[in-house]
Amino acid sequence: MSKITCFGEVLWDVFPTHKKIGGAPLNVAIRLQSLGNQVSMISAVGNDQNGDILINFIKDSGISTELIQVNSEFETGEVKVMLNEKGSASYDIMFPKAWDKIELQNNALEAVKNSDAFVFGSLVGRDLLSKTTLLQLIEIAKYSVFDVNLRKPYYTAELLIELLKKADFIKFNDDELFEISRYMGSKYNSLEQNLEFIANHTKAKSICVTKGRHGAVLLHQGRLFYNSGYEIKVVDTVGAGDSFLASLISKLLSEVNPQEAINFACAVGALVAQSEGANPDLKIEEIERFINPFI
């Protein structure tokens with residue numbers, strides 16, 4: 001079991017017919033907790049009903065809510081989610097919201113300092129206050145995990161490059177890898193070449209690139225590991241990448257073989273994509289049966 005602190009947005013994903021609790025760092029935290037880790041969440045909600053429900057939900061998930069601030073000036077976050085006919089999501093992220101205003105507090109500093117890993121994304125850098133808090137927390141983290149999550153217009157090349165250079169572990173999807181490699185001056189055209197390019201221009205010893213239904217590739221300690229994906233019927237892709245990251249980090253922190261880790265992570269991501277919402281309940285036995293139906 002690892003001790004992990006996640007930082008960033010907690011919010012409501014508002015679909016055309018219903019709403020669900022979400023936010024990439026929270027989705028990662030929930031999956032990490034379900035895999036047996038001890039997880040804390042640093043964020044902020046509004047002093048409103050949506051915030052109260054969110055805090056209770058996080059608490060019921062087994063995640064510590066001591067580091068979630070309540071902001072009386074800004075409302076709890078909301079994202080309007082649109083799904084196309086293939087189940088792929090696009091997002092309208094309301095701004096500014098409470099999670100844009102996360103203040104640096106002593107209990108958060110203590111939690112990050114004592115954690116095995118500190119997980120953060122790029123979206124939370126869209127506001128100066130949360131960005132400043134994030135940069136100060138990264139400096140004291142033992143192992144920093146950067147989940148690149150590009151949502152226009154809420155990022156700059158400068159911010160992304162700054163966060164990349166501070167991370168020990170980086171996760172992109174393939175489009176994000178190519179976009180950021182271009183920002184950094186890469187002339188390469190293949191995924192592997194750009195993956196190596198990022199590795200040579202950062203301190204990260206582990207870099208993972210997800211490729212949708214085609215699986216993922218992991219560069220870990222100088223070696224490449226591949227999983228080519230699992231066949232599923234997609235219901236929606238919301239949260240699939242978050243559960244993938246949580247599963248991969250959980251396995252790698254437990255010093256599991258990297259190939260086994262990426263196989264497990266791709267399976268969890270696929271199972272989430274064939275379910276509705278970001279955080280379906282998945283049992284370890286169900287995941288293992290999905291990877292190998294004959295065990």
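**Figure 1. The overall fold of the predicted model.** The C-alpha trace spans about 50 × 40 × 40 Å along its principal axes. Ten helices and 13 strands make up the secondary structure to look for here. Of the 295 residues, 56% count as buried. Among contacts between residues at least 6 apart in sequence, 67% join residues at least 24 apart.

**Figure 2. A salt bridge between Asp127 and Lys101.** Here the N to O distance is 2.9 Å. Asp127 sits in the loop between β8 (117–121) and α4 (128–138), while Lys101 belongs to the loop between β7 (89–93) and α3 (106–113), 26 residues apart. Both partners, Asp127 and Lys101, are buried.

**Figure 3. Glu139 meets Lys166 in a salt bridge.** The side chains come to 2.8 Å, N to O. This pair links distant parts of the chain, with Glu139 in the loop between α4 and β9 (144–147) and Lys166 in the loop between α5 (157–164) and β10 (169–173). Glu139 counts as exposed at 52% relative accessibility, whereas Lys166 is partly exposed at 22%.

**Figure 4. Asp168 and Lys203 form a salt bridge.** Their closest N and O atoms are 3.6 Å apart. Asp168 lies in the loop between α5 and β10 and Lys203 in the loop between α7 (191–200) and β11 (206–210), so the pair ties together parts 35 residues apart in sequence. Asp168 counts as buried, with 17% relative accessibility; Lys203 is partly exposed, at 44%.

Definitions and conventions:
Residues numbered from 1 in each chain as written. Predicted model: local features only at pLDDT ≥ 70, side-chain atom pairs only at ≥ 80, totals over all residues. Heavy atoms only, no water. Helix = DSSP H or I, 4+ residues; strand = E, 2+ residues; numbered from the N terminus. Buried < 20%, exposed > 50% of the residue type's maximum accessible area, 1.4 Å probe, protein only. Contact = heavy atoms within 4.5 Å. Salt bridge = Lys/Arg side-chain N within 4 Å of Asp/Glu carboxyl O.
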